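Subject: Two-chain model, handover and notes

Dear colleague,

Please find the structure below, followed by my notes on it. Could you read them with the model open?

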Amino acid sequence: MPFDVYLNVAVSGLLTGLVYGLMALGLSVIFGVIRVVNFAHGEMMSIAMFLAVVLFSAFHLDPLIMMVPIAAVLFAFGYALQSGLINPFITRPEHSQFLLLVAVGIIIVNVLLIVFGPDARTVQTAYGFDSFQIGPLIVDAAKVYAGAAAVLFAALLFAFFRFTRVGAAIRACADNHTGALVVGLNVERLYALTFGIGAACVGAAGAMMTLIVDVTPMIGPTYTLLAFVIVITGGLGSMAGALLGGLLIGLTEALAGLIFTPSAKSMFAFGILVLVLLFRPQGLLGKRAA
Amino acid sequence: MAARLLAGLPRRAVIALALVVGALVVAPWIVNDYLITVLILILYLAFTGQAWNIMMGFAGQLSLGHALYAGLGAYIAAALFTRYGVGPWVGVLLAMPVAAACGAIIGFLAFRFGVAGVYFAILTIAFAEFARIGFDHLAIVNAAAGLFLPVAQYTHNDLWRLRGDPTMFYYVILAATLAVLALCRILRQSRIGYFWLAIREDEEAARAAGIATFRYKMYAVMISAAVTSFAGVFYAFFYNNLFPEQVFNISQSIQMILGPIIGGVGTLFGPILGAFVLTGLAESLTAALTACGVDLPGAEQVFYGVCLLFVVGALPEGIWPWLSRRCGIAERTA
């Protein structure tokens, strides 16, 4: 196979990886602050994907623009979920939280199944078949737009945590839960806000993802697992790590699909996860817990 | 032996246990074939839940990848049977050490490198997913096309080759469930069981008290894996078809652990109770929705999810600890 085939596949994998990264960023933010593993993460993304598909097929609204209102809807969903259901569980053991979120996931998958049926849905935008050519490189326009939007969204999130007072307060909760309570932060509200932000990430990522893949109600669990792989590879709680992990897994999947067979691609992602867990358990960019 | 197993249980609990076991033994004469199949599923989940509970409930190591061990057991026994005509009981003898070895590898890697808590749970998922995709491409077991055991109308039950009618399978899984219950009781009351409890409650304190925590955590994973692989062998011979996409799927792992979590993690009877409650719930939801004329795929799953939310919200320790206190049949706490 000529070299530029590999190059094309690699670039395409990296662009998909940016969207993966944004999805995983949501999971990482939630775990980093609330210390709850969101086992319904992929299911939440499938809600966003269906919203994007419905908005597109009913009103011809572009998913890239609709990602803003969709992220807002998911934010509200995440906020309500955390303040209504998860807050009482933050001191419960892990398996109890796990069960709670698995139940939420089961409900989401099956409500989507009832509403939309089992068939795959897709978005056919006007630029769906466009591509950019740079030298020997040909890249899908849709993937370029999606990747750029993911970077933009992630940058906004970095800025929010870095430069706003609320962002600093959330970081304080993550650093020291008791300390945050002592200085008078409303931790439960900040947790709800954080879960909402994580959900907004996955909402935006879901809207972009409809440009790349088809959506069915059953894809939720697959993306939950993928988000875990990415976040742990990059380092749970590290925002830059989630993006790096996304790029790495996107690249791995694309190349494994080309060199071996597409159905085996996630095996390599899991292989990377195992290696990372064994040799750098804190993840590529994570800090080792004291 | 029996007296030692029952020692320490309140008299009411012993009577209740005897009644339940008696009812299960005579069940095939009373209920129809459909209910026997449901009971087999319940006991299968009670068995796997019990096996998982050894690792999580006793030793505090959260595994979310137990489908790996069941799947290995299923594939080893089924491959030996279909390719070489080797019976399932010989298959069990091979499946158990292989599953235990896999558990040992995962445990060794995780415990040596300090992978714990959520990270350990996700490592177990990763290995199970690895196996799922690997078996999906493994030609020797027909890859994704699936492995099928020959099915025929059996005139008599062949216990040695595990070919026969559902009633035979029912008694096999009932005996296995009772055996693993006894095993758990013995483990729980032995030295190793107390070491596990110490590790579960506070690993550093346990190590400070001189317990070889690494070794005992390894024992927990290996025993749990070996016991689970037996359930896999049973699964293969009862359902007669195996697809990597099904047997190694994370949903299998989740199904195995819902029972013990709902029933009560770390208790002896919780996994059994949880299996009865959850499968009973799922089956009655299906029946109720059919009776109401609702034909929505997914509707019963939504109710099921809501019930899970309700139970885990209302009874954080699970149903068994609450129920046994109310009925005065709680085990004397060690």
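To begin with a helix of chain A: helix H8 (residues 187–209) has 23 residues and reaches 32 Å from its first C-alpha to its last, close to the 33 Å expected at 1.5 Å a residue. That expected span is 1.5 Å times one less than the number of residues in the helix. Helices here are DSSP runs of H or I with at least four residues, strands are runs of E with at least two, and both are numbered from the N terminus. H8(A) is mostly covered, with 21 of its 23 residues buried. A residue counts as buried if 20 or more other C-beta atoms lie within 10 Å of its own, as exposed if 12 or fewer do, and as partly exposed in between, with C-beta atoms placed from the backbone.

Some conventions before the rest. This is a predicted model, in which local features need pLDDT of at least 70 and side-chain atom pairs count only at pLDDT 80 or more, while totals for chains, interfaces and linings use all residues. Residues are numbered from 1 along each chain as its sequence is written, and chains are lettered from A and ligands numbered from 1 in the order in which they are written.

Chain A

The secondary structure of chain A comprises eleven helices and two strands, arranged along the sequence as α-α-α-α-β-β-α-α-α-α-α-α-α. Its C-alpha trace spans about 60 × 45 × 35 Å along the principal axes. The radius of gyration of chain A is 19 Å, which agrees with the value near 19 Å for a compact globule of 290 residues. That radius is taken over C-alpha atoms, and the globule rule is 2.2 Å times the number of residues to the power 0.38. Of the 290 residues of chain A, 53% count as buried. Among contacts in chain A with a separation of 6 or more, 79% are between residues 24 or more positions apart; two residues are in contact if their C-beta atoms, placed from the backbone, lie within 7 Å.

A:Thr178 lies in helix H7 (residues 177–182) of chain A. Is A:Thr178 buried or exposed? A:Thr178 has 8 other C-beta atoms within 10 Å, so it is exposed. The C-alpha atoms of A:Thr178 and A:Gly21 are separated by 30 Å, and the two residues are 157 residues apart along the chain.

Chain B

Chain B has 15 helices and two strands. With 334 residues and a radius of gyration of 20 Å, close to the 20 Å from the globule rule, chain B is as compact as a globular protein of that length. The C-alpha trace of chain B spans about 60 × 45 × 45 Å along its principal axes, and 45% of the 334 residues count as buried. For contacts in chain B with a separation of 6 or more, residues 24 or more positions apart account for 76%.

Helix H10 (residues 213–239) of chain B has 27 residues and a reach of 39 Å from first C-alpha to last, close to the 39 Å expected at 1.5 Å a residue. H10(B) is largely enclosed by the rest of the structure, because 22 of its 27 residues are buried. Just after H10(B), B:Asn240 takes a positive phi of about 65 degrees.

The loop between H6 and strand S1 (147–148) of chain B holds B:Asn142, and B:Ala143 lies in the loop between H6 and S1 as well. Phi is positive in B:Asn142, near 65 degrees, and in B:Ala143, about 45 degrees, although B:Ala143 is not a glycine. B:Asn142 is partly exposed, with 16 other C-beta atoms within 10 Å; B:Ala143 is partly exposed, with 16 other C-beta atoms within 10 Å.

Between the chains

In the interface, 37 residues of chain B are in contact with 30 residues of chain A. Helix H6 (118–136), helix H12 (250–263) and helix H14 (299–314) of chain B each supply at least two residues of the side that touches chain A. H6(B) gives the most to that side, with eleven residues. The residues of the side of chain B that touches chain A divide into 28 nonpolar, seven polar and two charged. Ala, Val, Leu, Ile, Met, Phe, Trp, Tyr, Cys and Pro count as nonpolar, Asp, Glu, Lys and Arg as charged, and the others, Gly among them, as polar.

Helix H11 (residues 265–279) of chain A and H6(B) pack at an angle of about 145 degrees, with their axes 9 Å apart. Axes are lines fitted to C-alpha atoms, for helices over the stretch in contact, and angles run from 0 to 180 degrees between N-to-C directions. Residues of this contact include A:Phe270 and A:Leu277 of H11(A) and B:Leu123 and B:Phe130 of H6(B). The residues of the contact of H11(A) with H6(B) divide into ten nonpolar, three polar and one charged.

Regards
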